[in-house]
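Here are my notes on the model you sent. Please read them beside the structure.

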Amino acid sequence: MNNKKRNTTYWSPPGGAVEVGETLEEAAIREAFEETGFIVEIGRLHSVREIFHETGDHVMIFTFYAKVVGGHIVLNDPDQDIIDIQWKDVDSARQCMTTIFNELKLDKKPSELASFYQFVGER
């Protein structure tokens with residue numbers, strides 16, 4: 001997804017906040033559908049990233065492997081934070097989101113990568 005925040009644009013996988021009463025998996029399924037139009041089946045946990053932003057925000061990001069099992073690309077963004085949605089092959093994804101691609105080791109297959117924890121920022 002190509003996102004915009006203030007005067008910046010950036011590519012990222014779909015994601016968002018967990019709503020009250022949702023499990024992490026339910027939130028991942030809902031966010032993928034809301035942001036892309038794809039129906040996904042959640043696989044195992046890929047990674048947990050704990051981030052302390054300079055603003056003082058403390059964020060936990062849980063990333064899962066997922067398989068598209070239905071739906072089609074639909075830009076459904078009431079907040080107007082998403083500019084474009086595209087399905088990218090590995091090389092194209094690496095080029096447009098290099099930092100997150102490398103941090104999340106997205107070129108690795110599930111069988112090649114154990115789930116991992118990463119801390120970003122300073123406490």
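The points below go from the overall fold to the aromatic pairs.

1. Basis. This is a predicted model, where local features need pLDDT of at least 70, side-chain atom pairs count only at pLDDT 80 or more, and totals for chains, interfaces and linings use all residues. Residues are numbered from 1 along each chain as its sequence is written, and side-chain values use heavy atoms, without hydrogens and water.

2. Fold. The chain has 3 helices and 6 strands (DSSP runs numbered from the N terminus: helices H or I, at least four residues; strands E, at least two). Their order along the sequence is β-β-α-β-β-β-α-α-β.

3. Burial. Of the 123 residues, 28% count as buried (under 20% relative accessible area; exposed is over 50%, partly exposed in between; 1.4 Å probe, protein chains only).

4. Aromatic pairs. There are 2 (rings of Phe, Tyr and Trp, its six-membered ring, with centres within 6.5 Å; planes under 30 degrees apart are stacked, over 60 edge-to-face, the rest tilted).

5. F38 and W87. Ring centres are 5.8 Å apart and planes at 80 degrees, so this pair is edge-to-face. F38 sits in strand β3 (residues 38-52) and W87 in the loop between β5 (82-84) and α2 (90-96), 49 residues apart. F38 is buried at 15% relative accessible area; W87 is exposed at 65%.

6. F52 and F119. Here the centres are 5.6 Å apart and the planes at 55 degrees, so the pair is tilted. F52 is in strand β3 and F119 in strand β6 (residues 116-120), so parts 67 residues apart in sequence are tied together. F52 is partly exposed at 23%, and F119 is partly exposed at 29%.
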